[in-house]
Amino acid sequence: MHIRQRQQPRQTPPPMTRHILIFSVFVVASCGLAYELVAGALSSYLLGDSVFQFSTIIGCYLFAMGVGAHLSKYVQDEDVLARFIDIELAVGLIGGLSAAILFLTFAWSGAPFRTMLYVLVFMVGSMVGMEVPLVMRALNARQTAFSELVSKVLTFDYLGALAVSVLFPLVLAPQLGLVRTAFLFGMLNVAVGLWTIYHFRAELTRAPGRVVRAAAVMSVLVAGFIASDRLVRWGEQAMSGDQVVFSTATPYQRLLLTRWKDDLRLYINGNLQFSSRDEYRYHEALVHPALEALPWARSVLVLGGGDGLALREVLRYPHIAHVTLVDLDPEMTRAFATRPDLVELNRGALKDPRVTVVNADAAIWLQGSAQIFDAAIVDFPDPSSFALGKLYSVPFYTQLKRHVAANGLIAVQSTSPFFAPHAYWTIDATLRESGLATWPYHLYVPSFGEWGFVLASPQLPYTPPTSYRLPLRYLNAETTRAMFAFPPDMQRLDMAPNRLNTQSLVHEFERDWRRVMR
């Protein structure tokens, strides 16, 4: 009977051996954090509420790492290197495929997405949790001093995490996208496995078989990396049901433009922003009730609205001399300033000589600006995350109030008073808490359903217009009068204002829409 002998530790380990194992720690730490960030960002894009998504994913991932670290003790000393290589191949395959699996799961059948998300996070986390203990045991078996072992392993572990945490938002997510980023780090895991096989081939049994397995996994990941754009397009087309004509992932959001016949639709993080068939209703209601009441207005501030559609309506007034548009995402404004189909839709508003486009966080820009405007049009996405919720808070509206003339007006898109009544009336309460008088109103937009806005002013005694100087497609005296009247099923609710330390609006928004979404 063949009895496998326990491997004897080397008395004087070659420096190259230590360097390879230490560098492996740097790479596997980078990969492990990358998978965690990809899962958190993707779930935030698709499900909203980024704080909840990142908190639960980090918690699940760290718990899984603890489980993996515990399981590593059951690996026999003579099998440490072999199991380390097996884990590199497995985590490379599962982690590399994770973003594509999650994206396609959400696109084709949204129900199991959350289950799949945490299953994958737990699987990857448990395997990542085994990696560092196995490397430390491999170094220890080669007579590395304990103090050097712990300090170097932990140092390179943390350095790898730092490198990815900086590269992910600045380079990886915006340049490669989440799906391709996951494939890239999967390939890095497999590369570590291959390099370990090569360097320690004399100590490994069945090394050729491991090379074949590693090559097979690498081939799958390389193919996925090359085909990732096609995979994303399939998923996006499945989600929207229409032809995808433009899509991009930016550091801030994922933009998707689809076409069906003559209907262009913009989605941000999977949420519909407009349909070209009825967006005029939304944008007329957002802009004209305010500007019709301000025939003396010369300067207007537009916050959000990087599609240029609200801007298009503002620029129809010949007395408007200057408009400043502040939108966070330069990719958004660039697309709507250069793509012919989008330029046609907003009538070239973003290139109008009266317009200054600023790509910045609106809250930070307001703090650094001293300009006073006659009107402000606030067209942010719905408050589905804490990053957006801060733009609907008491401090933000208080800051905005300082930039609007005393007799000026602020128009705020405010989600649906029918589907999300608690969120809608929270926005109204927040504006009033900021020292502004408010006039809530609503209308029906076929793509969205019943939708709401709030007009606010520091001092102006506002009366809704009974006529309009410009020819409009939807607004007239009758539709305007109906907008400012709320039926019994949309009456005012007594809500607390949205404050930064609690962000109650985000919670109200999530609860409201959860009740009506299937």
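**Strands, helices and a cavity**

User: In β7, what is the bridge partner of V323?

Analyst: V323 is bridged to V355 in β7. That contact belongs to strand β6 (residues 322-326), which is joined to β7 by four bridges and runs parallel to it. Strands here (E, at least two residues) and helices (H or I, at least four residues) are DSSP runs, numbered from the N terminus.

User: What should I know about the model before going on?

Analyst: This is a predicted model, where local features need pLDDT of at least 70 and side-chain atom pairs count only at pLDDT 80 or more, while totals for chains, interfaces and linings use all residues. Residues are numbered from 1 along each chain as its sequence is written, and side-chain values use heavy atoms, leaving out hydrogens and water.

User: OK. How many helices and strands are in the protein?

Analyst: The protein has 17 helices and 11 strands. Its C-alpha atoms fill a box of roughly 100 × 45 × 45 Å along the principal axes. Of its 518 residues, 56% count as buried; buried means under 20% relative accessible area, exposed over 50%, and partly exposed in between, with a 1.4 Å probe and protein chains only. Among contacts (heavy atoms within 4.5 Å) with a separation of 6 or more, 74% are between residues 24 or more positions apart.

User: Back to sheets. In what order do the seven strands of the open sheet run?

Analyst: The order is β7-β6-β5-β8-β9-β11-β10, and the pairing is mixed. β7 and β10 are the edge strands with a single partner each, so one side of each has no neighbour in the sheet. Neighbouring strands are turned by 15° against each other on average, direction ignored. Two strands pair if DSSP finds at least two bridges between them.

User: How many residues of strand β10 are buried?

Analyst: Seven of the nine residues of β10 (residues 437-445) are buried, so the strand is mostly covered. β10 is antiparallel to strand β11 (residues 449-457), with nine bridges joining the two. A hairpin of three residues connects β10 to β11. W439 has L455 in β11 as its bridge partner.

User: Which strands does helix α8 lie across?

Analyst: α8 (residues 279-291) lies across β5 (299-304), β8 (373-379), β9 (404-413), β10 and β11, at about 150° to β10. Helix α15 (residues 421-433) lies across β9, β10 and β11, at about 155° to β10. Angles run from 0 to 180 degrees between N-to-C directions, with axes fitted to C-alpha atoms, for helices over the stretch in contact.

User: And the four-strand sheet, in what order is that one?

Analyst: That open sheet has the order β1-β2-β3-β4, with antiparallel pairing. Its edge strands are β1 (243-249) and β4 (271-275), each pairing on one side only. The twist averages 20° from one strand to the next. Within the sheet, β2 (residues 254-260) and β3 (residues 263-268) pair antiparallel over six bridges, and W260 stands opposite D263 in β3. Helix α10 (residues 330-338) lies across β1, β2, β3 and β4, at about 170° to β3.

User: Different topic. How many cavities of 30 Å³ or more does the search find?

Analyst: Four, over the whole structure. A cavity is a set of points on a 1 Å grid over the protein atoms alone where a 1.4 Å probe fits but cannot get out, and lining residues have an atom within 4 Å of a point. Grid points are joined across faces, edges and corners, and volume is the space filled by probe spheres set on the points.

User: What lines the second largest cavity?

Analyst: Y35, E36, V38, A39, Y61, S98, L102, L117, L120, V121 and V124. The second largest cavity has a volume of about 70 Å³. Helices α1 (15-47), α3 (80-108) and α4 (113-141) each supply at least two of its lining residues. The lining divides into nine nonpolar residues, one polar and one charged. Ala, Val, Leu, Ile, Met, Phe, Trp, Tyr, Cys and Pro count as nonpolar, Asp, Glu, Lys and Arg as charged, and the others, Gly among them, as polar.

User: Last one, R347. What is its phi?

Analyst: R347 has a positive phi of about 55°, although it is not a glycine. R347 lies in the loop between α11 (340-346) and β7 (355-358), and is exposed at 60% relative accessible area. Q503 is also not a glycine and has a positive phi of about 50°. Q503 sits in the loop between α16 (477-483) and α17 (504-516).

User: Is Q503 buried or exposed?

Analyst: Q503 counts as buried, at 6% relative accessibility.

Terms used:
1 Å grid on protein atoms, 1.4 Å probe; cavity = no way out; pocket = protein on both sides within 12 Å on 5 of 7 lines; lining within 4 Å.
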